[in-house]
Amino acid sequence: MSTQERPGSQERLSTQERLVRSTQELLWERGYVGTSPKAILERAGVGQGSMYHHFSGKSDLALAAIRRTAEGMKETAQECLTAPGTAYERVGAYLLRERQVLRGCPIGRMTQDRDVVQSPELRAPLDEMFDWLRGRLAEVLADGQRRGELAAGLDPAATAATVAAVVQGGYVLARAADDSAPFDAAVEGVLALLAAQVVRPSPPGPRPDGP
């Protein structure tokens, strides 16, 4: 829950925590370039001295916020991908989970900031998050193959990359249209492609005549 969603919640948090959470929100809303130290301090309700007591500057604070956001996204995806069910159902749960589509992906948005992309330190959590997601999706799909749930010819790594790309592309199309419909259509499309790889149980054959 955002710290803005519950009146008075900011006061119960430590100064450092308020700074990180406020930066997470602002980065999602405005991006890195559009998030100024002044805006962070105002959102967090702290003074400039408090910020520089905990962080060396905007970049250092942004790094902590990006890492926190990436870890939260990993946890959410992991909950879907480790839930009971077939590989198709688990990937479907990830694709269909509740999202604030029109706000965009909080991590994907960072890739649109030139200052973030050109900073190896700030970019690292983004690369790690997307690498983890593709790898985890590939593990689930490969597990589905071993269990006989998915066709043997399916390429788990390529399919995982497709799923991740569809989600990120869906966010971009939805924001461009100011409508979540393009995201929903993209998800439905990739689910239909994946469903075509699901192995259906063979119907039982005729029982042999007994003696």
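Residues are called buried at under 20% relative accessible area, exposed at over 50% and partly exposed in between (1.4 Å probe, protein chains only). The legends below concern a predicted model, in which local features need pLDDT of at least 70 and side-chain atom pairs count only at pLDDT 80 or more, while totals for chains, interfaces and linings use all residues. Residues are numbered from 1 along each chain as its sequence is written, and side-chain values use heavy atoms, with hydrogens and water left out.

**View 1. Overall fold of the protein.** The protein has nine helices and zero strands, where helices (H or I, at least four residues) and strands (E, at least two) are DSSP runs numbered from the N terminus. Along the sequence the pattern reads α-α-α-α-α-α-α-α-α. Of its 211 residues, 42% count as buried. A contact means heavy atoms within 4.5 Å; among contacts between residues at least 6 apart in sequence, 64% join residues at least 24 apart. The accessible surface comes to about 11,600 Å², and 51% of that surface belongs to carbon and sulfur atoms, by the Shrake-Rupley method with a 1.4 Å probe, in which only the protein chains shown count as cover for residues.

**View 2. Packing of helix 4 against helix 5.** Helix 4 (residues 58–81) and helix 5 (residues 87–96) pack at an angle of about 145°, and their axes are 7 Å apart. The axes are lines fitted to C-alpha atoms, for helices over the stretch in contact, and angles run from 0 to 180 degrees between N-to-C directions. Helix 4 contributes Ala77, Cys80 and Leu81 to the contact, and helix 5 contributes Arg90, Val91, Ala93 and Tyr94. These residues divide into six nonpolar, no polar and one charged; Ala, Val, Leu, Ile, Met, Phe, Trp, Tyr, Cys and Pro count as nonpolar, Asp, Glu, Lys and Arg as charged, and the others, Gly among them, as polar.

**View 3. Buried residues of helix 5.** In helix 5, the residues Ala87, Arg90, Val91, Gly92, Tyr94 and Leu95 are buried. The partners against which these buried residues pack are helix 4, helix 7 (120–146), helix 8 and helix 9 (181–195).

**View 4. Thr82 and its contacts.** Thr82 is placed in the loop between helix 4 and helix 5. Thr82 counts as partly exposed because its relative accessibility is 43%. Apart from neighbours within four places in sequence, Thr82 is in contact with Arg90 and Arg136. Between Thr82 and Arg136 there are 54 residues of sequence separation and 9.9 Å in space, C-alpha to C-alpha.

View 5. Gly170 lies in helix 8 (residues 156–177) and is buried, since its relative accessible area is 1%. Gly170 and Cys105 are 65 residues apart in sequence, with 9.8 Å between their C-alpha atoms. Cys105 is buried because its relative accessibility is 3%. Cys80 is also buried, at 13% relative accessibility. With a disulfide taken as a pair of cysteine sulfur atoms within 2.5 Å, the count is zero disulfides.

**View 6. Asp178 and its backbone.** Asp178 is placed in the loop between helix 8 and helix 9. Most residues other than glycine have a negative phi. Asp178 is not a glycine, yet its phi is positive, about 55°. Asp178 is exposed because its relative accessible area is 61%.
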